[in-house]
Amino acid sequence: MPSLPPPVWAELFHSGAWNDITRDLRQTEEVSITRGLTSESSSTAEPTACECTLDNRDHRYAPRNPMSPLYGKIGRNTPFRFGYEVGSPWAELPGGLTYSALFVNDTAALDVTGDFDLRIDVALEDWSESQMLALRYQSTGDQRSWALEILDGVPTFLWSPNGLFASRITQAATEAVHGYHGQRMALRVTLDINNGAGGYELRFYTGRTVDDEEWNLLGAPIVGNGTTSVYAGSGYMELGAGFNFNATPSGSSLNRMRGKAYALKLLDSGTVKVDMSTRSASVGGATFVDSTGLTWSRGGDAVFSNKHVRMAGEVPAWPPTRDLSGNNNYVSINPSGLMRRMDAGNRPQDSALLRYIKAQGPVECWPLTDGPRTTGAKSLVGGQDMQQEILIGEDTAADWQKGNLADWIEPVLSVKAETTGHLRGGLPRTAGTDAFWSVDLFLSGGGTPSAGQFTITDRGAGTDTENQTSILIIFTGSLNRLTLVRESYGETVSSSGLLANIDSVGIYDEEPHHLRLSIDPSGSDTKWFVYVDGQPAGSGTISGIAMKAAREVLLGWGFASIDGITMSDRSFGYITYWDADGPSAAQIYDAYMGFQGERAGERIERLATEAGYTASVAGEDTYQQALGIQGQKKLLELLSEASATNFGYLLDARDRAEVIHRGQSTLWNQPPALVLDYSAGLISPPFRPVDDDKLTENDVSVKREYGSIPAREVLEEGELSVLAPEDGGVGRYDTSHTYSLETDAQARQVAGMRLHLGTYNGVRYTRLTLNLANERVFAYIDDILRLDAGDKIRLTNLPPDHGPDDVDVLVAGYNEEVGPNGWTITFNCVPGEPWTAGVVGSGPYGRVDTGGSKLAAAVNTTQTNVSALTTGRARWVDSATYSGDFPFDVRVGGEVMRVTACTGTTASQTFTVIRSINGVTKAHPAGQGIGLANPVYVAM
């Protein structure tokens, strides 16, 4: 246990490095950190906030002081870090090509002759980066046993039955690991060398620790032909890098592990052979002995450290402060997480299309979003303006910012019926466009009849030996057609020809549409391609003409008359010129449509990258919600919208200037990260759980943004139903929500999830305070400092008035305070029991309830035969047919009974039970409800 204050440290980043300022951190003052959400907030966290004081008697922390040694080095938003050096160490592994690892020399304890089971506990700086993880593999002397790598985020296992390269087998997981940068997790690989069907079976898992009893299967099991084995060999075992072998299966060089290593466990057919944890090491040490008696050494650049980062952020201001004497000069700073800056200002983000175009770096782009009094269209990249010319109908000229491509796109140019005009723009020349180029046009409206043309002209010299060539795309709404014409001009000769009529293009309506022309000069010919709404619509070859890069585009409207009407109103925008490195037609159309269907984590990472930030996500893509259209909102609002739809957590990273999202799939069925025994005095006051209706929602409507009729879910029966209190419910608590969802069908799922969370029938433990200066609490320091938003805490041995059962809560956020007089952390919590999902084949999570059951007759305090009547969808399992499903626990009137046998195969059945499993003994009347003691739910 440390003395107060505990060993703290602080650093500022300047001059290209982190610089220690611990000596100036005033430790006679309290340091506080607030992170994450409250117990009653939404999924959007406030920026991480810190308060601390720096001594400033030499005026060094005065950015305006020219005599300060930090003059010109610190200022607004200077990066800052704060933390402790306490608890057990881990191995810091810098990665790259330099050797750094933990290793143990050859011993028989490393041999696995049966089923192989390897588990490692690591925190990778980037889980998508290819790197070596663990191995017992030496190519010298053919001592190849096994190696576990991660390649582009996908765990990959290599093994040899006889040590020979020719016999080596390589298998990769069917799904990548998804963890945020620096996230700590356990990775497991099992190899059943004989699956009983003439083959082997390989599985990958993720978990929290190497000792987990329940693991999350990563991807699908891999079944191979023929039985196998893992060569014992005589090599040493390494965690983090191979001294003799660091290569991908194809033989390419592979980086060493970059991150932190905590533990490794190796089992042979269930028998533990190696059980290593760096908790046995010492900071600065060179070797340590694990619990199985093996001596581990650190190799190369590996070091043991216990330097925890508790807050990483930016210092927005350096307000000087002094006492009345002027001698006590100090600076009280309030470093904040990155989310503070992300939420600065009030300007909504550009549309998804405009943001995407900017991020992809076009050769030229005219958005056509200019103001109402403009006379030309400004270039997005600083090029020439497009020039506007109205030929007919001057009094109804083109209207700027009156056009509407889609509700989620900026207002663009509108052209009116019975007007004729054009916009002309000159295109810059780049080396990339000489070989391949594309031009995009975005449009909506038009109806039929509709006419106009889009002309792109190349850089041909216009001579007889080098014609100048134009491609005309003619809009013919009355025929639902695009017509492509080629025109070539020389000094004395010219030619033209029909390239194609593309029918049934479907662009003459009020919906948003995209048109692309791509040109690929090939020798003396030119290949052309037309895309409509991201899909190929036509292609061909212009023989004998090698087109040059584009020189000019001309957008014309109203160049044909049908029944005296030139055309219907139309909207045009975002004329964009790309070289070969530009996005595909499908990609740009996806951006145009607001990336509808994009997974929540993918959107969070993309949005941050486009804005110059870094975000990373935990949780498999498969289980993330598919989002709806990305609208024009502030950056943090868009990120929070994605996180809320995914029912996850969005917050500042704790140890770096990034934003992280923890997806909802990581919240279900967690093992507890910390178990707190109330009777052991581990929880400090105030400890006041609440049993109120503050989060109650029993009538929930959810609408899809840009969608149609809301979905509605109502709890019609039960204690928290919409029934009146006198009828056994709590009354109606109706709420409505709007979510970013791809389909209307998802709205019902989300409404069901909100109803599920809003009708949790239990006590809420909103705040848990731990006194880290308490010796009994400090014994858990490693687990406490690992806790973060979304992790589970289990409360045991609670006072009798809280009920007889253990209680699970999820951490939503916390407030940490450390100083000379105390060191506490208060966790903001939400109920954890609703995050228990059913899993087929799982012991703890593989049983579902009947949907309704009750006592058929009264039960006294000692009776062990219980008559049950099922009123729901399915009866209870009977022990004659399903003997392997016994025993299981049920709850009757607050008492937990263990069912050891059940007779009867109809709705009326008889249980044989063991009473008072949870310490409650009481009589129960007929009609008392019966349900599983530990119910599970259907996950999203």
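**Note on aromatic contacts**

1. Arg-570 lies over the face of Phe-475, 5.7 Å from the ring centre. A charge sits over a ring if NZ of Lys or CZ of Arg is within 6 Å of the ring centre and within 35 degrees of the ring normal. Arg-184 has its charged end over the ring of Tyr-262, at 3.6 Å from the centre.

2. This is a predicted model, in which local features need pLDDT of at least 70 and side-chain atom pairs count only at pLDDT 80 or more, while totals for chains, interfaces and linings use all residues. Residues are numbered from 1 along each chain as its sequence is written, and side-chain values use heavy atoms, with hydrogens and water left out.

3. The whole structure holds 28 aromatic pairs (rings of Phe, Tyr and Trp, the last by its six-membered ring, with centres within 6.5 Å; planes under 30 degrees apart are stacked, over 60 edge-to-face, the rest tilted). Phe-13 and Trp-18 are edge-to-face because their planes stand at 70°, with the centres 5.3 Å apart. Phe-13 is partly exposed at 31% relative accessibility, and Trp-18 is partly exposed at 33% (buried is under 20% relative accessible area, exposed over 50%, partly exposed in between; 1.4 Å probe, protein chains only).

4. Phe-442 and Tyr-592 also form an edge-to-face pair, 4.7 Å centre to centre with 70° between the planes. Phe-442 belongs to strand β30 (residues 437-445) and Tyr-592 to helix α3 (residues 585-592), so this pair ties together parts 150 residues apart in sequence (DSSP runs, numbered from the N terminus: helices H or I, at least four residues; strands E, at least two). Phe-442 is buried at 0% relative accessibility, and Tyr-592 is buried at 0%.

5. Ring pairs join Phe-116, Trp-146, Phe-157, Trp-159 and Tyr-200 into a cluster.
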